[in-house]
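Please read the points below with the model open beside them. They cover side-chain pairing, the nonpolar cores and a few backbone angles.

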Amino acid sequence: MNDTPAPEVALPTQVSPAAAVTVSGADARPGYRPTYEVVAERILEFIAESRLVAGDRMPTENDLAQRLNTSRTVVREAVKILSALGRVRAHKGRGLFVADDEGMLITSRWGGFFRPVDLDHVFMLFEFRRVQEMAASSLAATRATPAELRTIEVAMQRCRHGFVHGQVDEFNEADEAFHGAVATASHNAFLVSAVRDARRLQRQSSAIGIHDTLGEGTESAVVEHEVIYRAIRDGRPDEAAEATAAHLDRTLEDYRREIQRRLFG
């Protein structure tokens with residue numbers, strides 16, 4: 001761990017005063033984003049561009065607020081988001097540090113920090129997920145045990161229940177369980193690890209600016225999960241892979257539309 005003060009590296013872009021007006025609450029304006037989300041993005045950019053690694057000390061909340069032309073309250077909210085994502089750790093009496101747990105996939109493993117707010121990184125991540133999860137579902141169709149099939153089925157049913165009853169947390173937990181169960185049923189430990197890590201990165205991207213809602217895309221996911229499950233259950237590897245590809249392609253398209261909405265209203 002490096003406890004020396006962070007170098008004086010300018011943050012990429014200051015948050016405009018107009019963007020810093022509201023820090024919480026809903027807003028119906030198209031493209032509106034709470035300021036703490038914008039600040040969270042800027043902090044991630046600072047970490048990447050400053051080449052900070054796990055354990056490095058970061059500027060204080062006051063310093064970050066000054067650099068970003070915003071308030072310490074907004075920075076504190078942004079830090080809470082990044083702490084929940086496993087990207088930043090706040091140590092009482094010591095300051096802020098780049099996280100050193102599984103939430104921070106460091107340079108030695110991925111060739112650089114994944115930047116959840118970089119669209120090129122997000123699209124590459126979807127490509128990566130597509131390859132890994134197609135392979136996992138194809139292998140699961142030939143290797144899944146009865147118990148593993150049941151685990152996949154239960155996760156699929158929980159996704160449907162979460163959607164029907166408008167329970168966002170239940171759907172998200174079940175969605176995570178579904179994809180993890182399919183990977184487990186591949187009986188390939190490398191695929192299990194790759195799928196888990198890619199989905200962890202996906203959560204980091206979705207947690208900043210892509211709000212949790214249950215809509216048309218969620219309904220499609222419920223149907224797509226069932227198609228994947230049935231192909232695996234019936235021992236049809238090619239169909240399982242194709243269904244997985246269709247699911248992820250549609251998810252990416254939903255993400256593209258959300259980004260368009262955020263940028264252009």
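**Notes on the predicted model**

1. Glu226 and Arg230 both sit in helix 9, four residues apart, which is about one turn of the helix. Helices (H or I, at least four residues) and strands (E, at least two) are DSSP runs, numbered from the N terminus. The side chains of Glu226 and Arg230 form a salt bridge, 2.7 Å from N to O. The term salt bridge is used for a side-chain nitrogen of Lys or Arg within 4 Å of a carboxyl oxygen of Asp or Glu. Glu226 is partly exposed at 22% relative accessibility, and Arg230 is partly exposed at 36%. Here buried means under 20% relative accessible area, exposed over 50%, and partly exposed in between (1.4 Å probe, protein chains only). Salt bridges with shared partners also join Arg233, Asp234, Arg236 and Glu239 into one network.

2. On the basis of these notes: this is a predicted model, in which local features need pLDDT of at least 70 and side-chain atom pairs count only at pLDDT 80 or more, while totals for chains, interfaces and linings use all residues. Residues are numbered from 1 along each chain as its sequence is written, and side-chain values use heavy atoms, with hydrogens and water left out.

3. The chain has ten helices and two strands. From the N terminus on, the order of elements is α-α-α-β-β-α-α-α-α-α-α-α. Of the 265 residues of the chain, 44% count as buried. Among contacts in the chain with a separation of 6 or more, 74% are between residues 24 or more positions apart. A contact means heavy atoms within 4.5 Å.

4. How many salt bridges does the rule give? The count is 20. One of them pairs the side chains of Arg199 and Asp175, at 2.9 Å from N to O. Arg199 belongs to helix 8 (residues 189-207) and Asp175 to helix 7 (residues 168-185), so this pair ties together parts that are 24 residues apart in sequence. Arg199 is buried, with a relative accessible area of 8%. Asp175 is buried as well, at 15%.

5. Glu224 and Arg250 also meet in a salt bridge through their side chains, at 2.9 Å from N to O. This pair links distant parts of the chain, with Glu224 in helix 9 (residues 216-233) and Arg250 in helix 10 (residues 237-264), 26 residues apart. Both Glu224 and Arg250 are buried, and the value for Glu224 is 15% relative accessibility. Leaving aside residues up to four places away in sequence, Glu224 touches His247 and Arg250.

6. Helix 7 can be checked for length. Its 18 residues should span 26 Å at 1.5 Å a residue, and its end C-alpha atoms are 26 Å apart, which agrees. The expected span is 1.5 Å times one less than the number of residues. Buried residues of helix 7 include Glu170, Phe171, Asp175, Phe178 and His179. Helix 7 is followed by His187, which has a positive phi near 60 degrees.

7. Where do the nonpolar side chains gather? The largest nonpolar core has 21 residues, and those with the most contacts inside it are Val39, Ile43, Ile47, Met58 and Val88. The elements giving two or more residues to this core are helix 1 (35-49), helix 2 (61-68), helix 3 (72-85) and strand 2 (95-98). Helix 1 gives the most, with seven residues. A second, separate core of 16 residues includes Leu149, Met156, Ala185 and Ile232. A nonpolar core is a set of buried Ala, Val, Leu, Ile, Met, Phe, Trp, Tyr and Cys residues joined through side-chain atoms within 4.5 Å. In soluble globular proteins, nonpolar side chains tend to be buried together.

8. Two loop residues deserve a look at the backbone. Most residues other than glycine have a negative phi. Arg51, which is not a glycine, has a positive phi of about 60 degrees. Arg51 is in the loop between helix 1 and helix 2, and at 72% relative accessibility Arg51 counts as exposed. Asn69 has a positive phi near 55 degrees. Asn69 is in the loop between helix 2 and helix 3 and is partly exposed, with a relative accessible area of 39%.
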